[in-house]
Amino acid sequence: MSEEIKILLVEDAKFYRSVIKSQLEKQFGFKVLTAETFAEADQILNKYGSELFLALLDLNLPDAPNGEIVDHVLSRSIPSIVFSGHFNEELRDDLMQKRIIDYVLKDSPASIDYVISIVKRVYSNRNIKVLIVDDSQTARFQMHELLDRYKFIVLQATNGLEGIQVLHENPDISLIITDYNMPKLDGFEFTKKVRTHYSKREISIIGVSTYGNHSLSAKFLKIGANDFITKPFLNEEFFCRVLQNVEMIDYIRELKNTMYSDYLTGLSNRRYLYEFGNILLDKNRNNGTLLGCVLIDVDDFKSINETYGHDVGDMALKHVSSQLKHAFQDEEHAIVCRFSGEEFVILCPIDDPNDFLDKLENLKITLAQKPMQHNNMDINVTACFGATWLLAQNLDELLNIAGELLKEAKLNGPNKLFS
């Protein structure tokens with residue numbers, strides 16, 4: 001985590017305080033500032049107020065037994081999660097009206113897991129875009145305010161046509177909340193247009209309307225919406241529906257990343273290479289630009305495994321993959337993948353073959369000059385490279401050309417580059 005996220009935890013019970021602090025720091029690397037009393041919390045607020053990302057607040061403190069800490073923290077515009085050992089509907093309604101994120105009943109160890117999951121969700125939401133499409137300024141303001149509590153990136157549109165334009169400019173939107181009755185393009189037609197380009201696995205859509213009935217809800221779902229809410233809605237219901245849909249998209253994306261990622265190195269895998277490599281090849285051929293293809297093989301990898309063990313062999317593969325990823329991190333359309341065993345492939349659009357070869361030569365030298373550290377020992381890990389940018393009909397043909405060049409490099413190796 002590149003930035004230090006500070007969280008205020010106000011809890012007078014040692015068990016809850018220590019467990020929550022430990023889990024948040026170990027799992028996510030957050031810095032958790034703890035207080036047992038209102039006075040201690042006030043000191044932290046005065047020192048770190050503007051730096052606090054979130055607050056976790058117990059309602060009943062020794063010097064503030066009636067929830068005074070909640071209003072005090074919220075007055076600093078710090079998003080807050082409240083937990084308490086007592087619950088009733090009146091108390092819940094009162095707290096939700098105060099713009100807290102959530103109210104958690106502190107009745108079992110399971111409630112700690114729930115608090116941790118909310119914090120994780122709010123932290124993740126900072127990178128998630130939600131589009132509100134509604135012609136009512138009041139409705140947009142209300143939903144924006146609710147989503148803002150959960151740290152979402154919120155975009156707005158006043159009708160379906162405007163919503164299509166916003167989506168075109170922000171294809172990484174995860175959730176759309178659209179009203180039904182709008183001018184120019186209503187919620188039904190807007191949903192249909194979105195679904196022509198994005199499936200339910202890519203973007204979730206929640207339909208909303210003041211004309212809520214079973215027929216309207218069913219029609220929204222049939223044309224491609226994932227969910228439906230009738231206005232006016234309870235804030236808690238809105239949060240639950242939003243989070244449920246966002247978490248489903250996150251889950252699908254995680255599955256997709258797993259499907260396309262190499263488990264050991266974290267690089268793209270062979271499946272990703274073949275699915276998107278041919279697309280990249282066709283795109284560059286149609287644009288009349290060159291596509292560089294490099295096949296890389298770690299030198300004496302069998303010897304590394306036999307001498308130091310397979311765990312060190314895995315470390316060597318991670319070491320090489322890290323250098324490859326670093327070398328091509330600024331190339332927007334480059335594909336860096338683990339091809340098989342100790343072999344790696346790089347596909348990268350290039351303007352000048354000489355610049356491309358210089359980059360590869362520098363990468364080869366860097367590998368040779370930066371040995372891997374293990375048990376206070378330097379272990380040299382080098383590799384041979386076969387590079388080409390010749391025009392090819394398909395990815396297999398391009399890889400075969402690079403493979404032949406790699407064979408020549410290996411015959412003259414170690415630590416050789418042939419092109």
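Lysine 231 and aspartate 179 form a salt bridge, with 3.6 Å between the closest N and O atoms; the term stands for a side-chain nitrogen of Lys or Arg within 4 Å of a carboxyl oxygen of Asp or Glu. Lysine 231 sits in the loop between strand 10 (227–230) and helix 10, and aspartate 179 in strand 8, so the pair ties together parts that are 52 residues apart in sequence. Helices (H or I, at least four residues) and strands (E, at least two) are DSSP runs numbered from the N terminus. Lysine 231 counts as buried because its relative accessibility is 13%, and aspartate 179 is buried at 6%. Buried means under 20% relative accessible area, exposed over 50%, and partly exposed in between (1.4 Å probe, protein chains only).

The model is predicted: local features need pLDDT of at least 70, side-chain atom pairs count only at pLDDT 80 or more, and totals for chains, interfaces and linings use all residues. Residues are numbered from 1 along each chain as its sequence is written, and side-chain values use heavy atoms, with hydrogens and water left out.

## Other salt bridges

Side chains of opposite charge can pair when their charged atoms come close. By the salt-bridge rule the count comes to 23.

Aspartate 172 forms a salt bridge with lysine 129, the closest N and O atoms being 3.2 Å apart. This pair also links distant parts of the chain, 43 residues apart: aspartate 172 is in the loop between helix 7 (160–169) and strand 8 (173–179), and lysine 129 is in strand 6 (residues 129–133). Aspartate 172 is partly exposed, since its relative accessible area is 42%, whereas lysine 129 counts as buried at 18%.

Glutamate 36 forms a salt bridge with arginine 17, with the closest N and O atoms 3.5 Å apart. The two residues are 19 apart, glutamate 36 in the loop between strand 2 (31–35) and helix 2 (38–48), arginine 17 in helix 1 (residues 14–28). Glutamate 36 is partly exposed at 36% relative accessibility, and arginine 17 is buried at 13%. Glu4, Lys6 and Glu51 are linked in a network of salt bridges.

Strand 16 (residues 383–388) is mostly covered, with six of its six residues buried. Ala383, Phe385 and Ala387 lie on one side, and Cys384, Gly386 and Thr388 on the other.

Strand 16 pairs with strand 11 (residues 290–298) in the antiparallel sense over six bridges; pairing requires that DSSP finds at least two bridges between the strands. Valine 298 stands opposite alanine 383 of strand 16. Strand 17 (residues 417–418) runs parallel to strand 16 and is joined to it by two bridges, with leucine 417 opposite phenylalanine 385. From strand 16 the chain passes through helix 15 (residues 395–411) to strand 17 in a left-handed β-α-β crossover. A crossover is right-handed if, with the strands pointing away from the viewer, the path from the first strand over the helix to the second runs clockwise.

## Overall dimensions

The protein has 15 helices and 17 strands. Of its 419 residues, 49% count as buried. The C-alpha trace spans about 80 × 60 × 30 Å along its principal axes.
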